[in-house]
Amino acid sequence: NVVIFDSAGYYSGHNVVFPLSTEAYEKLKRRQMTENQLKVSDLVDYRREKRPVFLCYFITADCNDHIFYLLGEAIQFFKEKDFPDYIYSVITNRQDSYDIHKKIGLKVVWADMEMNVPGEAFLPNRFCEGRLDYFL
């Protein structure tokens, strides 16, 4: 988890990534629960998991350069940990965030396409998952 500030000390963005239980992840993936229904009991100590699952719960920044910086911090975490197997997931509804996650190799599992409004900055929620191996 990272919070960044600009050179003047003002907030510029943050990235919150939760280590999830496999059960909670599968419920999100199968649309049996939403992010807002996650509980503390759905979080786990990733070091004790055979196949850790991470959910990028919230990532935002004042510009896409800072989004790339925040994702770089996440990529560095995975590089340092050198997990033999893991899942990185995100539910996004912003076009630019979706495009960035697509560029880092995540695949769409589901999308609420009936909620799509052409020309809007916000898209239907899209559940994406994958690994960050392209950068490791």
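Predicted model: local features only at pLDDT ≥ 70, side-chain atom pairs only at ≥ 80, totals over all residues.
L20 is placed in strand β2, a strand made up of residues 11–20. With a relative accessible area of 1%, L20 is buried, since the term applies to values under 20%. Once its neighbours within four places in sequence are set aside, L20 remains in contact with Y25, L28, L38, D42, L43, V44, V53 and L55. I87 can also be related to L20: the two residues are 67 positions apart in sequence, while their C-alpha atoms are 9.9 Å apart in space.

## Helix α1 and the residue that follows

Within α1, the buried residues are A24, Y25 and L28. Viewed down the helix axis, the buried residues of α1 fall within an arc of 100°, and they therefore line one face of the helix.

After α1 comes R31, with a positive phi near 65°, although R31 is not a glycine. R31 is located in the loop between α1 (22–29) and β3 (53–61), and with a relative accessibility of 44% it counts as partly exposed.

The position of D82 is in the loop between α2 (64–81) and β4 (87–94), and its relative accessibility of 61% makes D82 exposed.

## Helix α3

Helix α3 spans residues 95–103, and S97, Y98, I100 and H101 are buried in it. Down the axis of α3, these buried residues fall within an arc of 165°, so that they line one face of the helix. K102 and K103, by contrast, are exposed on the other side of α3. G105 follows the helix and has a positive phi, near 100°.

S97, itself part of helix α3, has a relative accessible area of 10% and is buried. Apart from neighbours within four places in sequence, S97 is in contact with I59 and T92.

## Aromatic pairs

The structure contains 15 aromatic pairs. One of them joins F77 and F78 in an edge-to-face arrangement, with 5.2 Å from centre to centre and 80° between the planes. F77 is partly exposed at a relative accessible area of 26%, whereas F78, at 3% relative accessibility, counts as buried. The pair formed by W110 and F127 is stacked, because the ring centres are 5.9 Å apart and the planes lie at 15°, an angle under the 30 degrees that separates stacked pairs from tilted ones. This pair links distant parts of the chain, with W110 in strand β5 (residues 107–111) and F127 in strand β6 (residues 122–130), 17 residues apart. W110 and F127 are both buried.

Ring pairs also connect a cluster made up of Y46, F54, F77, F78, F83, Y86 and Y88.

## Salt bridges

The number of salt bridges in the model comes to 7. In one of them, the side chains of R47 and D45 meet at an N to O distance of 2.9 Å; D45 also forms a salt bridge with R48, where the closest N and O atoms are 3.7 Å apart. R47 is exposed, with a relative accessible area of 64%, and R48 likewise counts as exposed, at 72% relative accessibility. D45, at 26%, counts as partly exposed.

A further salt bridge is formed by D85 and R51, with the closest N and O atoms 3.1 Å apart. D85 lies in the loop between α2 and β4 and R51 in the loop between α1 and β3, so this pair ties together parts that are 34 residues apart in sequence. D85 is partly exposed, with a relative accessible area of 28%, and R51 counts as partly exposed at 41% relative accessibility. Through salt bridges that share partners, D45, R47 and R48 are joined into one network.

How values were computed. Residues numbered from 1 in each chain as written. Heavy atoms only, no water. Helix = DSSP H or I, 4+ residues; strand = E, 2+ residues; numbered from the N terminus. Buried < 20%, exposed > 50% of the residue type's maximum accessible area, 1.4 Å probe, protein only. Contact = heavy atoms within 4.5 Å. Arc of directions from axis to C-beta. Phe/Tyr/Trp six-rings, centres within 6.5 Å; stacked < 30°, edge-to-face > 60°. Salt bridge = Lys/Arg side-chain N within 4 Å of Asp/Glu carboxyl O.
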